[in-house]
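Subject: Structure handover and what was found in it

Dear colleague,

I am passing on the structure below, together with an account of what was found in it. Please keep it open beside this message as you read.

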Amino acid sequence: MTMTSWLPLIVLCSSLFTGLIIFLLPEERSGWRTALNMTGATVKVVGVFVMAWGVLVQGAVYEARFTMGLGFDFVLHVDLLSLAFVSLSSNLWFLTTLYAVGYLEGSRNRSRFFGFFSLCVTASTGVALAGNLITFFIFYEFLTLVTYPLVIHQGTPQALAAGRTYLWYAMSAGALLFLGVVGLQTLAGPFDFVSGGVLGGMDDVGQWEARVIFALLICGLAVKTAFVPLHGWLPAAMVAPAPVSALLHAVAVVKAGAFGVLRVVQDVFGKDFAAQIGVLEPLAAVVAATILFGSLRALMQNELKRRLAYSTVSQVSYIALGAVVLGPLATVGGLAHLVHQGIMKVTLFFCAGIFAQSRNIHRIDQMDGLGRTMPVTMALFTIAALGMIGVPPVAGFVSKWYLAQGGIQAGQDWVVAVLVLSSLLNAAYFLPILHRAWFRPCSGNLGGPGPETASGSCGIWEAPWMLLLPTLATAFFSLAAGVFAGWEWSPLGVAELISAGRGAFP
Amino acid sequence: MTPSLVFDLLLAGALLLVSWRLLQASDLFQATVLFISFGLFLALAWVRLHAPDIALAEAAVGAGLAGVLLFGTFKRIEPQPGPSSQRPGSGDEPFSASSCRLDQAAACPGRFHYLVAGVGAATLTALLVLAVLELPRHGVGLTGIVAQNLGSSGVDHPVTAVLLNFRLYDTWLELGVLLLALMGVFGVRGAHDLRGLPMRSTASPVARRLVGLLGPLVVLVAAYLLWLGDHAPGGAFQAGVVLAAGLVLLRLTGLPSVDRLPRTALLSCVVVGFAAILLLAVLTTLAPHSFPLKYPSAWAGSLILALEAAATVSIGVTLAALVALVLVVDDQ
Amino acid sequence: MTTFLVYSLTAALLAGLGVHGLITRRHLLRQIMALNVIAGGVFLLLISTAYRNQGDFADPVPQAMVLTGIVVAISSTAFALALLRRIYVAQGQAQDEAQDEAQGQAQMDAQANDVSTPRDESTP
Amino acid sequence: MTLAAWMILVPFMGGVACLLLRGRAVAWVGLAASAATAWTCLPLLRHVWHSGPVRIDLGGWAAPLGIGLYLDGLGAMFLLLTAIVGLLVGVYALAFFGRGREYARMEPYFWPVWLVLWGGLNGVYLSVDVFNVYVLLEMVGLGAVGLTVLSGTNDSLVAGLRYLLATMFGSLIYLLGVALLYAQTGHLDIFLLADAVDGSLPVLVAFGLMTGGLLIKAALLPFHFWLPPAHAGAPAPVSAILSGMVTKASFFLLLRIWFVVFPDVTAPVAGQLLGVLGAAAVLWGSLQAVRQTRLKLLVAYSTVGQLGYLFFLFALLTPAGGEAWSEGWASMAWTGTVFHVFSHGLAKAALFMAAGCLVLAMGTDELAAMRDIAGRLPVVTFTLGVAGVSLMGLPPSVGFVAKWMLLKASLASGQWWWAVVIAMGGLLTAAYVFKILSFTFVPVGGHDANARPKAGPKAGRNVDQGANEHQGPKNSGVPELRPVPALMTLAALTLAALCVLFGFRAEEVIALLLRDMGLEPPFDAVLIGNIGGDRP
């Protein structure tokens, strides 16, 4: 084995082994744990950078393949799309771990938490690097398993109920996905992901079989992507600690679903074949409905994290929108949004966690004047929120712009309408928060009777640096991704590369 | 209609009648008695069907030991007179006997249940009857092959040859089954020997004297049966069962029996049959040009006799110990 | 020839009777007897088929099988009875069978709905 | 090749030795015999692997007269499973029974009975004589009952007696079939029978009776009534033995009877019937498992459900007599089922062993008592989780491999409805596995759960919820856990780890399994056809 096959394994195992070792660490060894976590995260980030360098500059191919003896191979393969996702998740893991160390300081069961946290990232790395549908499925299910303990980490009745909800959704979807994967293998035999799709070139796959399998696969993926009728678990899972929310919404779970939709539509069926058998239109309808419905529901929430959760429901579907709208520009937009949404949403959740942690603020009506007492955090929140709305020059604008262009290019004007409407709704639910925080006077009655807040609740009191630093970094990234969108290696640039490398779509 | 056919029909009718009554009689005592007679009728049937070996075993086991076992159990689980009005709603109690049936649906044998049972049993019977009617009327089975190989088996009696040579493996395993049954009872009781069992000395001195005289006789009969098995009906099973019956008699009259054996001696007796065949199996497996369980041809006869003797001791002691354990008066 | 038929048909009927008794009777002692009746039927079938070869000696292989079977049956029966005794000792109570039947009738109406679906939680 | 005979002799010798010894020596000798048996299994497997099936005529008497031992790939797989689980159960039992008077009382009975039972199990996998199988089945049944009633509690006695009656009944029905078969054909050896059977009524009835008797012992749905109380009431190592191994013996014989003795007689409708019963078992058993509130009963009902998967094979392979065998998916169904036997054997034994650790630590097996077990006994919880994952059939585990192949086979054969049942069964399995796991995550005391020194807002909220909703009056006392011997935990964990490891090494197992079934390896053709033959 050469470096080209070792590197994906190293990237995968850097968090796997970290997680397994952390399980064995005694609870009180927090220093060791942090060091281990940070080492693993660093190794992963460095590995991803090396791979990115190799793929983008030297044109190297990284692949690790094991024969399973079951008629399929276990394949880790690095292509541009997986590179985009894996670099997102590895970088955000680094930051989220840092944040979580600060956030959970002194609480119980941290070994368990960080162990599963690492496994969770392992799973999402695996999802990103999977070279065929079965490997993808293996990691996808693994992801379900390892996020469950995180969701119910606190063990409260709410957490358990949320965990149960999450499991029912995820396991049912897993079963459907499994059926789809097995059905596809039975029909078409084993195959790897190939950009432009595989099924189109196969004669023995009938249209109806293909449709049924597409439906099964998409239903299986839809739960994690939180498409509209299947989104119920996501707001419920808000009871988990803030780093977990960040993980669910930005780094791993939801992203894995969206990533899966991209893979299935583009690399398994191929946009052309999918359009030919007429499955894209229903999917597009679901996506559009999700975007609008999520925004509408977000508008109705008073609890900050729930509002953010519904915002995620809406925003993640932009990624899927990129997959269902024909034309390269939309693809570029969707891919770029994969990254952009991640960094923006993680910023928002970091901020929400800081509010909850230090000021016991959970509801939006408690946020009056928050900008005066926590100016830095609130500023970061503002940047990310503006990005979500799509205000230039923050990253969100860029992806929305490309998506709209793609819609026009493909002659599907409804996309623009959906985007505009959604952006209006986004503004409608984010701007009031910003208005409250910056322009309302400090009410002085922030949250509960915490020892610090009791004394001077309107004085400036910022979050500890362990929480602030990662937030700062992600907010900076969201800004930078928008400002430097023209740079070759920006998320958008990579997305264009990916799109270009995927052959000419009409 | 020949006399033998009349006899056959009468015997068959008696068997069916007895079994029907013993299953349906409302009185458990009556059922126990009927069960013993069922065993006796079966033994008659074996004689009629030219299977004297089985008739011997059945008379001792089916009618004798099983009867003693059932009767003893019945005596000890039968409630004192007049309890039936005491606990009208006891079916709901957690540890009442109603929780220990084979099939829970029998907890409430309603019409549906009887229907299922009736239909199931009737279907089974009908199928069996049809199948039996279809059977070839002149099956030969393996009689011929057994007869051909009888010469090299070491014994002259075909049944013994099958049991202790051709199908020795089955016999060995069956001794293992016996061993497991005893171990299971031991395990429940939590002791490896019978010396803790309470003794009864209710029998009259005359009976004790009589049985005491019977003891050596039983051993003699067992030894004779054992030797007989070489060339005529008889053998380890029959001898073992007779031995067991004698030991049970001794025990019942309060004379020294299996319960006086120390732990090691008892266990050795119980395991000796199984272990003897195991030893043979190990040695023959180790031997270079041999099959597992293959007798060296020169010693086949004497080896079989030795194994039979060991098996007799095992069967006798194990069965006697089982009976003693079932009949024991627990003082909890 | 006819002897074979008489006994093998008897064997079939015995097996059927035994199965019926096993399912319908509640008392454990009776169920053990029913099992022994089934065993008697099986053995009778074997021996009656052994008898078919019309020689002066029946086929020895089924005879050996039945001998083995008898010992197996008596060991199982003894084991079952020993367990039964332990259970009764542990419970300190025994149920009269007549009482069982009466009670069964009484419960029949109450649990009529449950009869069709086997309920077998061991924890009462 | 007399190695096969040693698979029976070694445990028997160990059993006899254990019977005669006293004290702790029993356990050590028993463990040594377990290790020796497992060790004997390895060269035997290698032999079957290299040179195909083994046949030994016991006593030198060839088939119609004597009894043969025969080992093919299928039997080798079952031997291997029994050896692995048996050895680890032995290790577990060494620690389990060595913990005090209460348990030490059982030790001198556990070992001899278990070793003889093991010999009997190995005998079942080696036997080709239908009457010999009857004796072996009785041996296995009596041994299993003897182990079940070991604890001597009233519940276990009742369960044991019920089990004994059921197993006796099953054996007798089976023997009735054997009697008919012998009366019709005059043979007892399965290969001779395979040539001799025809479609006549006695043969059909015999087939039905033998199947029915074995089904009772295999606890397929309408006959499962004896299983849950017996498996739940026994001591932990015994539960592992019963669920992991003993139930498989009857299933193995069903395979032999259906596909060796009566392949030409089996009607599609009979296969479908078994499949339907299996499906009902999957759904009903799993639903019952979800409803349980006691850990061991839950796991026992899960056995009822999981055994159901095995019976899809009969539905898949029986259409059109033997023709299905030539299809590519036949071998897939076959290997998938055997893999499921494997996965269930390993995972269920691990689950019962982990449950035993929990019961030992907590003193009860109420699920509600399992507060914060995840925090206090992480390794045991991990074992539960991994074994549960394998039961659910999620990757990466041997259960996944099994489900994968079963699903593929049912889709490829066109009987897609089994695939739906498999998927639903997986969901229900997930429901009860996570039911266990979620209890382990409930924190013990309301006050220190997730509390941070800063008394942050979330902690404050927890206090309210915790105190009000589920801590109740017994909030104050955190129940002390008794120590669990490391050896027990380790044995359970090893089994769980094996569940995962076997999932990665499917090839060898498949190759061994299909040695002499006359089946093509299931995947090579497909593999080369679609990706191109450039990969090894």
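In chain B, 52% of the 332 residues are buried. As you look at it, please bear in mind that this is a predicted model, and that everything described here was computed from it.

**Chains B and D**

Chain B has 11 helices and zero strands, and its pattern, read along the sequence, is α-α-α-α-α-α-α-α-α-α-α. Of the contacts in chain B with a separation of 6 or more, 71% are between residues 24 or more positions apart. Chain D, for its part, has 23 helices and two strands, and buried residues make up 70% of its 536 residues. In chain D, residues 24 or more positions apart account for 79% of the contacts with a separation of 6 or more.

Two packed helices are described by the angle between their axes and the distance between the axes.

For the pair made of helix α12 (residues 268–291) of chain D and α13(D), the axes come within 7 Å and cross at roughly 165°. Angles over 145 degrees count as roughly antiparallel, and α12(D) and α13(D) are therefore roughly antiparallel to each other. The crossing in which α12(D) passes α13(D) is left-handed. The residues that meet include Gly278(D), Ala281(D), Val282(D) and Gly285(D) on the side of α12(D), and Leu298(D), Tyr301(D), Ser302(D) and Gly305(D) on the side of α13(D). Sorted by type, the residues of this contact between α12(D) and α13(D) are nine nonpolar, seven polar and no charged.

The second pair is formed by helix α13 (residues 295–309) of chain D and helix α19 (residues 416–440) of chain D, which pack at an angle of about 165° with their axes 11 Å apart. These two helices, α13(D) and α19(D), are therefore roughly antiparallel to each other as well, and α13(D) passes α19(D) in a left-handed crossing. Here Leu295(D), Leu298(D), Ser302(D), Gly305(D) and Tyr309(D) in α13(D) meet Ile422(D), Gly425(D), Tyr432(D) and Ile436(D) in α19(D). The contact of α13(D) with α19(D) comprises six nonpolar, three polar and no charged residues.

**The nonpolar core**

The largest nonpolar core has 601 residues, and those with the most contacts inside it are Ile47(C), Ala350(D), Met353(D) and Leu495(D). The element that gives the most to this core is helix α15 (residues 328–362) of chain D, with 23 residues. If neighbours within four places in sequence are left aside, Met353(D) is in contact with Tyr92(D), Ala236(D), Ala240(D), Met488(D), Ala491(D), Ala492(D) and Leu495(D).

**An enclosed helix in chain A**

In helix α9 (residues 242–251) of chain A, 10 of the 10 residues are buried, so this helix is largely enclosed by the rest of the structure. Among these buried residues are Pro243(A), Leu247(A) and His249(A). The elements that cover the buried residues of α9(A) include α3 (80–103), α4 (110–129), α5 (133–151) and α10 (253–269) of chain A.

**Some single residues**

Leu179(A), which lies in helix α6 (residues 157–188) of chain A, is buried, with 23 other C-beta atoms within 10 Å. Not counting residues up to four places away in sequence, Leu179(A) touches Leu216(A), Ala419(D) and Ala423(D). Leu179(A) and Gly220(A) are 41 residues apart in sequence, and their C-alpha atoms are 9.2 Å apart in space.

Gly213(D) has its place in helix α9 (residues 201–218) of chain D, and Gly213(D) is buried, with 26 other C-beta atoms within 10 Å. Gly213(D) touches Gly170(D), Ser171(D), Ile173(D), Tyr174(D) and Gly177(D), again not counting residues up to four places away in sequence.

Finally, two loop residues deserve a look. Ala226(A) has a positive phi of about 65° although it is not a glycine; Ala226(A) is found in the loop between α7 (207–225) and α8 (233–236) of chain A, where Ala226(A) is buried, with 28 other C-beta atoms within 10 Å. Leu293(B), also not a glycine, has a positive phi of about 70°, and Leu293(B) is found in the loop between α10 (263–286) and α11 (300–327) of chain B. Leu293(B) is buried, with 26 other C-beta atoms within 10 Å.

With best wishes

Notes. Residues are numbered from 1 along each chain as its sequence is written. Chains are lettered from A and ligands numbered from 1 in the order in which they are written. This is a predicted model: local features need pLDDT of at least 70, side-chain atom pairs count only at pLDDT 80 or more; totals for chains, interfaces and linings use all residues. Axes are lines fitted to C-alpha atoms, for helices over the stretch in contact, and angles run from 0 to 180 degrees between N-to-C directions. Helices (H or I, at least four residues) and strands (E, at least two) are DSSP runs, numbered from the N terminus. Angles under 35 degrees count as roughly parallel, over 145 as roughly antiparallel, 65 to 115 as roughly perpendicular and the rest as oblique. A crossing is left-handed if the near helix is turned anticlockwise from the far one by less than a right angle, and right-handed if clockwise. Two residues are in contact if their C-beta atoms, placed from the backbone, lie within 7 Å. Ala, Val, Leu, Ile, Met, Phe, Trp, Tyr, Cys and Pro count as nonpolar, Asp, Glu, Lys and Arg as charged, and the others, Gly among them, as polar. A nonpolar core is a set of buried Ala, Val, Leu, Ile, Met, Phe, Trp, Tyr and Cys residues joined through C-beta atoms within 7 Å. A residue is buried if 20 or more other C-beta atoms lie within 10 Å of its own, exposed if 12 or fewer, and partly exposed in between; C-beta atoms are placed from the backbone.
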